[in-house]
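Hi everyone, thanks for making the time. I'd like to walk you through a model, so let me put it up on the screen.

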Amino acid sequence: MRRGVCLWQLGQSITRSALSQTDGKKAAAGAAATAARRGFASDAELKKTALYDFHVENGGKMVPFAGWSMPIQYKDSIMDSTLNCRANGSLFDVSHMCGLSLKGKDCVRFLETLVIADVAGLAPGTGSLTVFTNEKGGAIDDSVITKVKDDHIYLVVNAGCRDKDLAHIESHMKAFKAKGGDVDWHIHDERSLLALQGPLAASVLQLLTKDDLSKLYFGGFQMLDINGIHCFLTRTGYTGEDGFEISVPSERAVDLAKAIVEKSEGKVRLTGLGARDSLRLEAGLCLYGNDMEQHVTPVEAGLTWAIGKRRRAEGGFLGAQVILKQLEEGPPIRRVGFFSTGPPPRSHCEILDAGGKGLGEVTSGGFSPCLKKNIGMGYVKSGSHKNGTELKIVIRGKSYDGVITKMPFVPTKYYKPS
Amino acid sequence: MASKLWASRAASYLKISAFHRGFSSVLKDLKYADSHEWVKLNGTSATIGITDHAQDHLGDVVFVELPEVGTSVTQGNSFGAVESVKATSDVNSPVSGKVVEVNEELNSSPGLVNASPYDSGWIIKVEMSNGSEVNSLMDSEHYSKFCEEENSKH
């Protein structure tokens, strides 16, 4: 018999210890076992976004995440939230992520030393997903970067990688400046970030701004007034749906969130991190820390498309040698998507071939609310990565059938010119 | 974009109420374990499932891992698992004995655990080997208080 932790019991004891230190009005942070492991005595040590009280007032169930107290869900279930995002829309608070601006006439040249994107080739007002690499070609973090103008780049990095990323950028920036390069940065801690996603995102947002959003395509960026507030708007997201990330001055964040929900007449619902994870998995998007890590290259992760053509010829970013070699010879492992039977596959489950030989490992998995079946991502040996390859996924000591399939699992709806 | 911290903890997060949500239903004629399983006794036969409190905290159940008929179970030990979108949770047996029946319905309709935790969402039936074990379980009043205490910490 498998002996694991009985989670709801653990949850209760977690709740008990976490809650003994909070006051009645504030919601408790959950999962204190996690908090305890990371040395937090109480939820008072967790950072709060500008929308914390707003989340709690709206039934948000707050949990610790990357040092922040964030809503994992609100009153509806993770499944219902996920389905509603694709049917109507969702509003997420993603202010825990770190937004920053690089400025100066050499900011493009500087950033190109650290990422795989063809930053110079981006038209002003456009951006892309990219990867910050290390000397071995592995991923330090993934990020959405946007060229606002030739001397201004706006980028957003993961909350859990904030300290690591900022230290990395800062040390390289110092060296770059010492050689006479003109670049500086500003970290946007004075701003909050909201993600509005789903089929109603554009029509709802259009009610709040005079600018014509129909001209803002996927990857596009604009500074504009929304609800009378000056915002940075990027047509991007982490759900596979059409949508936007809106950077707003923190003191206006709650107003904006309320306005969006109101204008949608309740169709756009506040949605938490639990559904966000289901949505991104269905969209086949990597989660840094699971599907991408320090030792995984963008080529292995299936992000070769994100390596600018010119960059493939010229290199000039950390780890270029390793990456260019992989582009030539093929990577040893590849990220794949798969369906599976039985219990939902989870991170670190072993992947075997039909004959039972080791092929690789699951890095993300779960039950898809939209497809009503299990989906997962993992890495397998190159050669065994083709769609249709039959697999066995080992979950808690038992093997279950699986098959490699293309991603995204749920078709994406990015707003692109026809 | 989110970090490993979320992902690796995703399996251990529960739906934790921000506010006192009111009482989960607790049935009078059942006995309860502190790991939130219930047992219904009929002579030496025991039917086992998870409580309303447990299913509420777990969220939408998408898979139930059932033991084989004939397996031995021991009081307090895990015999299977219940999985929700975000968490995998062991289910412990409140009594020792042998599994004589499992609820095959749960293979096609795992959501029964949420919809009807005390009735059609039952999980296994056990032929008990030691009837006196039930004395260490909570009755409905005790279990209600136990859940209250946990909820009231909000």
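Chain B of this predicted model has an open sheet of six strands in the order β1-β2-β3-β9-β8-β5, with antiparallel pairing. The edge strands here are β1 (31-32) and β5 (72-73) of chain B, each pairing on one side only. For the terms, strands (E, at least two residues) and helices (H or I, at least four) are DSSP runs numbered from the N terminus, and two strands pair if DSSP finds at least two bridges between them. As a reminder, strands of a sheet pair through backbone hydrogen bonds, either parallel or antiparallel.

Let's look at one pair. Strands β8 (residues 97-102) and β9 (residues 124-128) of chain B run antiparallel and share five bridges. Val102(B) stands opposite Ile124(B) in β9(B).

Now the conventions. Residues are numbered from 1 along each chain as its sequence is written, while chains are lettered from A and ligands numbered from 1 in the order in which they are written. Local features need pLDDT of at least 70 and side-chain atom pairs count only at pLDDT 80 or more, while totals for chains, interfaces and linings use all residues; side-chain values use heavy atoms, with hydrogens and water left out.

What does the secondary structure of chain B come to? Five helices and nine strands, in the pattern α-β-β-β-α-β-β-β-β-β-α-α-β-α along the sequence. Of its 154 residues, 60% are buried, where buried means under 20% relative accessible area, exposed over 50%, and partly exposed in between (1.4 Å probe, protein chains only). Taking contacts (heavy atoms within 4.5 Å) with a separation of 6 or more in chain B, 66% come from residues 24 or more positions apart.

Over to chain A. His152(A) is in strand β7 (residues 152-157) of chain A, and is buried at 5% relative accessibility. Its side chain makes a polar contact of 2.8 Å with the side chain of Ser101(A). That term means a pair of N or O atoms within 3.5 Å; within protein, one must be able to donate a hydrogen and the other to accept it, and residues adjacent in sequence count only if both atoms are side-chain atoms. Beyond four places away in sequence, His152(A) touches several residues, including Cys107(A), Thr146(A) and Met223(A).

Last stop: Gly104(A), in the loop between β4 (98-103) and α5 (107-112) of chain A. Gly104(A) is buried too, at 13%.
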